[in-house]
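The following report describes a single protein chain for a reader working from its coordinates. Please consult the sequence and structure shown here alongside the text.

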Amino acid sequence: TTRTRTSTFPPPTRTSTTSPEFLFQEEALLQCRSWGENLTYYTGVGYLSGAVAGAAVGLREAAHAAERGDTAKIRANRLLNSCGSAGRRVGNRLGVIGLLYAGMVTARDGQDDWINSLVAGLGTGALFRAAQGPRSAAVGGVLAMAAKQAAKRYAPAF
């Protein structure tokens, strides 16, 4: 005979809390983040993802820079220095891009529609790459807008 276990706890669901998410019905109808939440969210996600990607780049750089006679301490030191340096560099860049994007989104009406994403993405890319010239600014704007739309399609939490 096989025994089946029954749990006394209800299955986890997204609506298993008893308190409302929003205090007033008007807030529940908006379903969008405030400017401070956008600022924190996009900057944090940008910095964290950039730091992880930069650390991966640093790992590859450290592996290529390894020499035959290095001790384990020297290899570990090179690995940590390279991962930290590249992670910090890429994380700061993506954090600034997230900060600019959040500012552009809230500068307009703050709605999360495709027009606002397009304008904010183009503005962010153009502003971020403006020092390299108009062509680079245009390319940066198009890439930022495309990245936002791809993130929205494949990661709906954005």
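Phe128 is partly exposed, with a relative accessible area of 28%. Here buried means under 20% relative accessible area, exposed over 50%, and partly exposed in between, with a 1.4 Å probe and protein chains only. The chain is a predicted model, in which local features need pLDDT of at least 70 and side-chain atom pairs count only at pLDDT 80 or more, whereas totals for chains, interfaces and linings use all residues. Residues are numbered from 1 along each chain as its sequence is written, and side-chain values use heavy atoms, with hydrogens and water left out.

Phe128 lies in helix α4; helices (H or I, at least four residues) and strands (E, at least two) are DSSP runs, numbered from the N terminus. Apart from neighbours within four places in sequence, Phe128 is in contact (heavy atoms within 4.5 Å) with Arg93, Val96, Ile97 and Leu100.

Val45, a residue of helix α2, is likewise partly exposed, at a relative accessible area of 28%. Two C-alpha pairs involving these residues are listed below.

| C-alpha pair | Separation along the chain | C-alpha distance |
|---|---|---|
| Val45 and Gly98 | 53 residues | 7.6 Å |
| Phe128 and Gly140 | 12 residues | 7.5 Å |

## Overall architecture

The chain contains five helices and zero strands, and its elements follow the order α-α-α-α-α from the N terminus. Of its 158 residues, 20% are buried. Among contacts between residues at least 6 apart in sequence, 56% join residues at least 24 apart.

Helix α3 has 36 residues and reaches 51 Å from its first C-alpha to its last, close to the 52 Å expected at 1.5 Å a residue; the expected span is 1.5 Å times one less than the number of residues. The buried residues of α3 are Ser82, Cys83, Ala86, Gly87, Gly91, Gly95, Gly98, Tyr101, Ala102 and Val105. Their cover includes α2 (35–65), α4 (114–128) and α5 (134–154).

Which residues form the largest nonpolar core? It has five members, namely Tyr42, Tyr101, Ala102, Val105 and Ala120. Helix α3 (residues 72–107) supplies the largest share of this core, three residues. A nonpolar core is defined as a set of buried Ala, Val, Leu, Ile, Met, Phe, Trp, Tyr and Cys residues joined through side-chain atoms within 4.5 Å. Not counting residues up to four places away in sequence, Tyr101 touches Tyr42, Ser117, Ala120, Gly121, Thr124 and Lys148.

## The salt bridge

Side chains of opposite charge can pair when their charged atoms come close. The structure holds one salt bridge, a term that denotes a side-chain nitrogen of Lys or Arg within 4 Å of a carboxyl oxygen of Asp or Glu. Asp70 forms a salt bridge with Arg78, and the closest N and O atoms are 2.6 Å apart. Asp70 is found in the loop between α2 and α3.

Is Asp70 buried or exposed? Asp70 counts as buried because its relative accessibility is 17%, whereas Arg78 is partly exposed, with a relative accessible area of 25%. Beyond residues up to four places away in sequence, Asp70 touches Arg75 and Arg78.
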